[in-house]
Amino acid sequence: MIRFAYGCIPSVMSLAFANTLVRRGGLVPTSILLSAGGLRFQKKRYTPAQVLPVFLRQFGARFTGYNVLAGLGGSLPFGYPRDGLLSFQQLSRAYDIPLVVSDDFSGEKAVESLRRQEVDLFVTSMCDQILREPLLGLPRHGCLNIHPSLLPDFRGVDSIFQAMLNDVPEIGTTLHHTTARIDAGDVYGQSAFTRTGSDSHLALTVKATAAGVRLLKRHMDALEQGQRPASHAMDVTRARFPYRSWPTREELERFHAQGHVFWRAGDFRRVLRFEDPTDPTARDVFPTASEPLKTAAR
């Protein structure tokens, strides 16, 4: 059995991913690492009280309000009734998953905790920390990231925003090896679905990251069977849409002028009710059915 841990920044999107991972995917991590101490922005970490005026000045009220709402949704200790979304604390109790709060996943304390758990994989999705050694070299099967784009396109902070801004017809998900360079490691799996004009940023993020659960499950199944999952090296120079950091004011203005929205009340209701976000147009991009898995070298 492959033992893995999951690391993220608390948000309603990462909480939806954790619920999908455990309750729909049947993949129960040995622990969940929650990024602590506020939000990393421009190489600094801000507490929630500190980041609010910074975000308001930098991005305006709509983007700031969306991020505050998303952050609060992932930090509340209670969940939604009637089989709805479980909070991180509820997931921990129901599935016996230790929660580890850390401002440095690659630091000595967090790494020692993972070493004691004998993790084979460390998985991130919606994580605000850049992983480094010794964490990168700790798990025997490495560290993996689930990124909501068809890499190498849209590397960086908010790929869903950039995909919407550039009006791409499909939203992708990539499972890739985590390296010291951001969103640049070998690709293990990719899928995509059709974007509609009515999809909000929140809806697309939840759909894209949930698609990563299936990619991860397939990857872990292969490892358990002693097979080497198909992979290919990522050439970031081939990206049509290169790495982007946080949105600029001009980009935010264009985003709204194009009629895009970050969220709708119905989106939050569906997330809180834990409705299945699987998109019916979803398709495999890599590997395809014609690309068999390889037997691992002994």
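## Charge

The protein carries 36 positive and 29 negative side chains, and the centres of the two sets lie 2 Å apart. Lys and Arg count as positive and Asp and Glu as negative, with His and the chain ends not counted; each charge is placed at NZ of Lys, CZ of Arg, CG of Asp or CD of Glu.

## Basis of the model

This is a predicted model, in which local features need pLDDT of at least 70 and side-chain atom pairs count only at pLDDT 80 or more, while totals for chains, interfaces and linings use all residues. Residues are numbered from 1 along each chain as its sequence is written, and side-chain values use heavy atoms, with hydrogens and water left out.

## Overall fold

Nine helices and twelve strands make up the secondary structure; helices (H or I, at least four residues) and strands (E, at least two) are DSSP runs, numbered from the N terminus. Along the principal axes, the C-alpha atoms fill a box of roughly 55 × 40 × 40 Å.

Of the contacts (heavy atoms within 4.5 Å) between residues at least 6 apart in sequence, 75% join residues at least 24 apart. Buried residues account for 53% of the 298, where buried means under 20% relative accessible area, exposed over 50% and partly exposed in between (1.4 Å probe, protein chains only).

## Nonpolar cores

A nonpolar core is a set of buried Ala, Val, Leu, Ile, Met, Phe, Trp, Tyr and Cys residues joined through side-chain atoms within 4.5 Å. The largest has 61 residues, of which Val12, Phe55 and Leu216 touch the most other members. Helix H7 (residues 201-224) gives the most to this core, with nine residues. Apart from it lies another core, of twelve residues, including Phe105 and Leu135.

Leaving aside neighbours within four places in sequence, Leu216 is in contact with Leu21, Leu27, Val123, Leu144, Ile146 and Leu175.

## Two residues compared

Threonine 205 is found in helix H7 and is buried, with a relative accessible area of 6%. Beyond four places in sequence, threonine 205 contacts Met13, Met126 and Ile160.

Aspartate 186 lies in the loop between strand S8 (170-177) and strand S9 (187-194) and is partly exposed, at 34% relative accessible area. Excluding neighbours within four places in sequence, aspartate 186 is in contact with Leu175, His176, His177, His232, Ala233 and Met234.
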